Amino acid sequence: MTDQMLRIGIAGVSGRVGRLLVDEVQAAGAVLAGGTVRDPAKAAGLPEGLALFTDMADLAAVSDVVIDFTHADTVIAHAQALAEQGTAWVLGTTGLSTEQQVAVLKAAKKIGVVHAANFSAGVTLVRRLAQMMGQALPADSYDAEIVEMHHRQKVDAPSGTALAIGEAVAKGRGVKLADVKESGRDGHTGPRGPGAIGFAALRGGQIVGEHEVLFTSADEQITLTHRAFDRRVFAAGAVRAAHWVRECPAGYYGMEEVLGLPPC
Ligand SMILES: NC(=O)C1=CN([C@@H]2O[C@H](COP(=O)(O)OP(=O)(O)OC[C@H]3O[C@@H](n4cnc5c(N)ncnc54)[C@H](OP(=O)(O)O)[C@@H]3O)[C@@H](O)[C@H]2O)C=CC1
Ligand SMILES: O=C(O)C1=N[C@H](C(=O)O)C[C@H](O)C1
């Protein structure tokens, strides 16, 4: 299959990322197969003639890969529709419950799935570095905290990226994030738990996405910061993942594999 022939569908094509995907798919020389919308009235500004569907099964039937930046509530139905059709899935939606994550993994037994909370190359590298920091800096002397800030419309917190960075730190420390996560501190919280990984979420204006991971000891502090200036970085990364996954067997993949990072 050549790049020209790859048919990419866009779930949530009327959304903030969905609209940018329209340009990025076309710029990459792929065929824009169509998109899903909940409400056709929100389709204003989308290219004339773009095939619009309200049902994922219909979009899956005309696509080789579907790129999906929508809402966690769609994930179980999308997983079923894509697996039944054999259409690969690039999934960027965040805020998934355990049940929704299980549905993604089940679909990945039948189709190629690239699932990432953040499709930028920069955050993919920050996660790798955060894992190294978790491994190298002892948890009893270096306190790990993750701060994120996003636009006022964002519906989930902490962000998927913040949680993914936290997972990377926990992996480096050889612990489960769920066992050490401290999020949303307020009131008489007591002192910081030993080895805790802390999260703070800020919301305001139209900030695209900012993440900071801090390791603070009694003697020093090391900080990694990522700032997305333009959401186009996510759309471009997702289109790159779509081209990558079309050649892959069924399986669950991440952005590390798309970028060709060595496994860790
Ligand atoms: N992995 C990554 O790199 C990134 C991930 N994201 C994540 O992507 C998702 C979308 O973000 P964003 O584009 O800003 O959000 P928007 O709200 O702008 O767009 C969401 C799209 O999904 C549709 N949608 C929402 N809820 C449902 C539903 N229950 N059923 C069907 N369709 C639905 C919306 O339709 P309608 O217009 O009708 O409401 C809209 O088209 C979020 O989870 C966000 O965190 C965002 C940026 C980068
Ligand atoms: O909702 C957003 O906007 C973003 N969501 C993702 C997340 O939850 O991490 C990625 C990015 O930061 C923008």
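A residue counts here as near a molecule if its C-beta atom, placed from the backbone, lies within 6 Å of it. By that criterion, and in what is a predicted model, the residues around ligand 2 are Thr94, Ala117, Asn118, His150, Lys154, Ser159, Gly160, Thr161 and Gly209. Both domain 1 (3-119 + 231-259) and domain 2 (121-228) contribute to this shell, and ligand 2 therefore lies between them. In terms of residue class, the shell around ligand 2 comprises 1 nonpolar, 7 polar and 1 charged residue.

The two domains themselves are the next step. The domain assignment divides the protein chain into domain 1, made of 3-119 together with 231-259, and domain 2, which covers 121-228. Their C-alpha centres are 27 Å apart, and the contact between them involves 10 residues of domain 1 and 12 residues of domain 2. On the side of domain 1 that touches domain 2, the elements giving two or more residues are α8 and α9 (255-259), with α9 giving the most, 3 residues. That side of domain 1 is made up of 4 nonpolar, 4 polar and 2 charged residues.

A sheet can be followed strand by strand. It is an open sheet of 7 strands in the order β3-β2-β1-β4-β5-β6-β12, with parallel pairing, and its edge strands, β3 (52-53) and β12 (251-253), each pair on one side only. Within this order, strand β1 (residues 7-11) is joined to β2 by 4 bridges, the two strands running parallel, and Ile10 stands opposite Gly35 in β2. Of the 6 residues of strand β2 (residues 31-36), 5 are buried, so this strand is largely enclosed by the rest of the structure. Further along the sheet, strand β4 (residues 65-68) and strand β5 (residues 88-91) also run parallel and are joined by 4 bridges, with Trp89 in β5 as the bridge partner of Val66.

The packing of nonpolar residues gives another view of the model. In soluble globular proteins, nonpolar side chains tend to be buried together. The largest nonpolar core in this model has 70 residues, and those with the most contacts inside it are Ile8, Leu21, Ile67, Val90, Ala238 and Ala241. Helix α8 (residues 232-245) gives the most to this core, with 9 residues. Because domain 1 and domain 2 both give residues to the core, it lies between them.

Attention can now turn to strand β7 (residues 143-150), which is mostly covered, with 6 of its 8 residues buried. It pairs with strand β10 (residues 209-216) in the antiparallel sense over 7 bridges, and in that pairing Glu210 of β10 is the bridge partner of Met149. Strand β7 is also joined by 7 bridges to strand β9 (residues 197-203), but these two run parallel, and here the bridge partner of Ile146 is Phe199 in β9. Ala200 has its place in strand β9 as well. Since a residue needs 20 or more other C-beta atoms within 10 Å of its own to be buried, and is exposed with 12 or fewer, Ala200 counts as partly exposed with its 17 C-beta neighbours inside 10 Å. The C-alpha atom of Ala200 is separated by 9.0 Å from that of Ala162, although the two residues are 38 residues apart along the chain.

The loop between β7 and α6 (160-173) contains Pro158. A cis peptide bond, with omega about -10°, joins Ala157 to this proline, Pro158.

Ligand 1 is surrounded by 25 residues, of which the closest are Gly12, Gly15, Arg38, His71 and Gly92. Helix α1 (residues 16-27) gives the most to this shell, with 3 residues. By class, the residues of the shell around ligand 1 divide into 6 nonpolar, 13 polar and 6 charged, whereas the shell around ligand 2 holds 1 nonpolar, 7 polar and 1 charged.

How values were computed. Residues numbered from 1 in each chain as written. Chains lettered and ligands numbered in written order. Predicted model: local features only at pLDDT ≥ 70, side-chain atom pairs only at ≥ 80, totals over all residues. Nonpolar A, V, L, I, M, F, W, Y, C, P; charged D, E, K, R; others polar. Domains from an automatic or database assignment. Core = buried A, V, L, I, M, F, W, Y, C linked by C-beta atoms within 7 Å. Pairing = 2+ DSSP bridges. Contact = placed C-beta atoms within 7 Å.
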